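Student: I've got a model open and want to go through a few spots. Can you walk me through it?
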Amino acid sequence: MKKRIKIEDISKNPSETLSQLDKNDFATLPAPLNDPETLPDFPPLSEAAMEKYECSLDGTIALNLPKPESKEEEDRLVEGFISGLEKLFSKENNWTFLQPLVLSMEHCATCHTCSDACHIYEGSGKNPIYRPAYRSEVFRRLYKKYVKSKGGLLQAWRDGEIELNWTTITRLAELSFRCNLCRRCAQTCPIGVDNALIAHEIRKLLSQELGITAKELHKDGSVLQLKVGSSTGMNSLVVKDNIEFIDEDVTEKTGMTIETPWDKAGADILLIHNAGEIMAWPMNPGAFGVIFEAAGLSWTMSSELAGYDSINYGVWYDDAQFARVAIKHAEAAKKLGVKKIVLGECGHAHKALTVIADRVLTGDLNIPRESSMVILDEIISSGRIKVDPSRNDFPVTLHDPCNLVRLMGIVEPQRRILRKIAPQFREMHPHGVNNYCCGGGSGFAIMSGNNFNDWRHQIAGRKKLEQILGAFKDELDPSIKKYICAPCSNCKGQLRDLITYYDLWEKHSIMYDGMVELIVNCMEDVEPGFIEWEMH
């Protein structure tokens with residue numbers, strides 16, 4: 001029988017792992033992956049990692065927190081955490097999210113409806129530490145002890161005592177990075193508690209007060225983007241060179257002459273891609289060029305700092321970093337005098353520059369921002385380009401990026417497109433606002449240190465893997481090529497890794513790519529065969 005893990009256990013026994021991970025405990029996958037014996041084991045951390053880093057939560061590491069060298073250092077970190085906790089609940093320091101945070105702190109009914117909605121809890125085989133409410137309840141008790149009531153025996157008796165020490169902090173920090181921030185739990189909560197927001201706010205406290213961040217999101221992410229112009233490390237000259245090569249390849253491939261316009265003042269549209277597309281999936285920005293040119297749109301790209309990269313990793317962990325990047329995006333559009341910004345296929349960029357940036361972009365920086373799904377739907381529905389659906393006569397399913405669908409309500413545009421261009425389109429179940437996260441959301445798709453990639457493939461991505469196999473269950477024969485339409489760069493990174501990890505391309509011909517590639521593949525005015533049926 002498994003050990004029962006209580007809330008207060010998070011502060012105890014730092015030399016022991018709070019919860020051990022074993023593949024035999026994880027949720028059973030459908031055929032052909034339904035035999036646990038044929039699946040990879042969950043690999044242990046190396047001895048060097050265990051010696052150097054705090055890793056007592058669950059045997060994996062997202063943050064690489066070094067172990068304090070003395071009791072005095074531990075005490076300073078605890079004091080810093082309390083200071084950050086107090087600031088997090090002050091209007092002066094957290095005016096952006098204070099109200100929903102306090103409501104979520106005060107009103108949990110402990111019904112655990114959120115647990116049944118969480119793909120990580122379900123995928124792990126219902127590991128108690130992955131309940132959304134477990135992490136939130138630890139934080140809630142600390143809030144009530146150090147902020148609301150300032151401690152005392154009555155508070156401890158009423159709300160539950162929890163010791164705040166370095167073990168509590170490091171485990172809570174790691175737990176905040178065991179959440180994809182997909183907000184499925186918030187959607188299902190009968191009283192609107194937002195456990196994903198709580199996870200985000202824990203990350204923000206750690207970043208702003210203790211300097212604890214995921215290196216991939218901060219140093220190699222938002223800091224690099226603000227310094228160079230892109231979290232990929234590409235400056236504007238490199239990006240322009242890459243786009244020029246893409247234009248040449250697409251021109252040769254489609255028979256249409258494509259020349260991406262740069263810094264075109266007064267254009268109707270500033271198109272901003274996730275720069276990861278330019279490096280990893282170049283046919284995606286190339287396909288946008290084909291569609292926009294064929295539709296006769298007035299559009300441009302910007303070579304301003306961050307103006308060519310819609311990535312905004314700050315939205316996942318630090319409001320200050322988020323705001324700095326969002327302002328750069330708006331300033332690039334303002335300088336060109338465009339009518340609106342259109343965001344390419346990147347879910348978190350949609351969330352960052354539309355929903356969240358509304359709190360930051362005011363006055364003349366409040367430039368209209370629109371999803372590419374909306375304008376693509378308009379182009380297809382209006383008949384501005386001619387399509388031949390028979391070119392896409394293969395099994396197609398749609399992955400719903402959480403930030404497009406659940407957060408923003410963009411549900412039907414992409415489906416109207418697929419119904420017109422993909423004769424064998426079928427839904428995953430559940431789908432739309434009830435979709436499951438790919439498992440790479442919240443930046444996880446670019447986090448692969450130690451054995452964390454195994455965690456996101458075996459646990460965080462497990463429900464999505466189940467959905468993919470379910471969508472294609474009658475066509476697993478490798479002679480039938482199958483296409484997952486994933487209109488999000490971060491999701492594509494996770495799907496690429498999932499497909500590779502479980503060998504789904506080689507064994508079952510399951511492939512992924514974006515929406516625009518599928519559109520160009522069936523355009524009558526281009527040469528057939530735009531989609532490249534190979535892993536990339």
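Predicted model: local features only at pLDDT ≥ 70, side-chain atom pairs only at ≥ 80, totals over all residues.

Student: Is threonine 17 buried, partly exposed or exposed?
Tutor: Partly exposed. Its relative accessibility is 24%, and the buried class stops under 20%.

Student: What does threonine 17 touch, leaving out residues up to four places away in sequence?
Tutor: Its contacts are Cys55, Ser56, Leu57, Asp58 and Gly59.

Student: And how far is threonine 17 from serine 207?
Tutor: The C-alpha atoms lie 24 Å apart in space. In sequence the two are separated by 190 residues.

Student: New topic, strands. Which way do the residues of strand E1 point?
Tutor: E1 covers residues 269-272. Ile269 and Leu271 point one way, Leu270 and Ile272 the other. All of them are buried.

Student: What does E1 pair with?
Tutor: It runs parallel to strand E2 (residues 299-300), joined by two bridges. It also runs parallel to strand E3 (residues 340-343), with four bridges.

Student: Which residues are bridge partners there?
Tutor: Leucine 270 has threonine 300 in E2 as its partner. For isoleucine 269, the partner in E3 is lysine 340.

Student: OK, what about the sheet with E5 in it? What's the strand order?
Tutor: E6-E5-E7-E8. It is an open sheet of four strands with parallel pairing. Strands E6 (425-426) and E8 (510-513) are the edges, each pairing on one side only.

Student: How many bridges link E5 and E6?
Tutor: Two, in the parallel sense; E5 spans residues 396-398.

Student: Which helix packs on E5 and E6?
Tutor: Helix H19, residues 412-421. It packs on the sheet and touches E5, E6 and strand E7 (482-485). The direction of H19 makes about 175 degrees with that of E5.

Student: And which helix touches E7 and E8?
Tutor: Helix H22, residues 489-501, which also packs on the sheet. Its direction makes about 165 degrees with that of E8.

Student: Last one. Is helix H21 mostly covered or mostly open?
Tutor: Mostly covered. H21 runs over residues 462-471, and eight of its 10 residues are buried.

Student: Which residues of H21 are buried?
Tutor: Arg462, Lys463, Lys464, Leu465, Gln467, Ile468, Leu469 and Ala471.

Note on methods
Residues numbered from 1 in each chain as written. Heavy atoms only, no water. Pairing = 2+ DSSP bridges. Contact = heavy atoms within 4.5 Å. Axes fitted to C-alpha atoms, helices over the stretch in contact; angles between N-to-C directions. Buried < 20%, exposed > 50% of the residue type's maximum accessible area, 1.4 Å probe, protein only.
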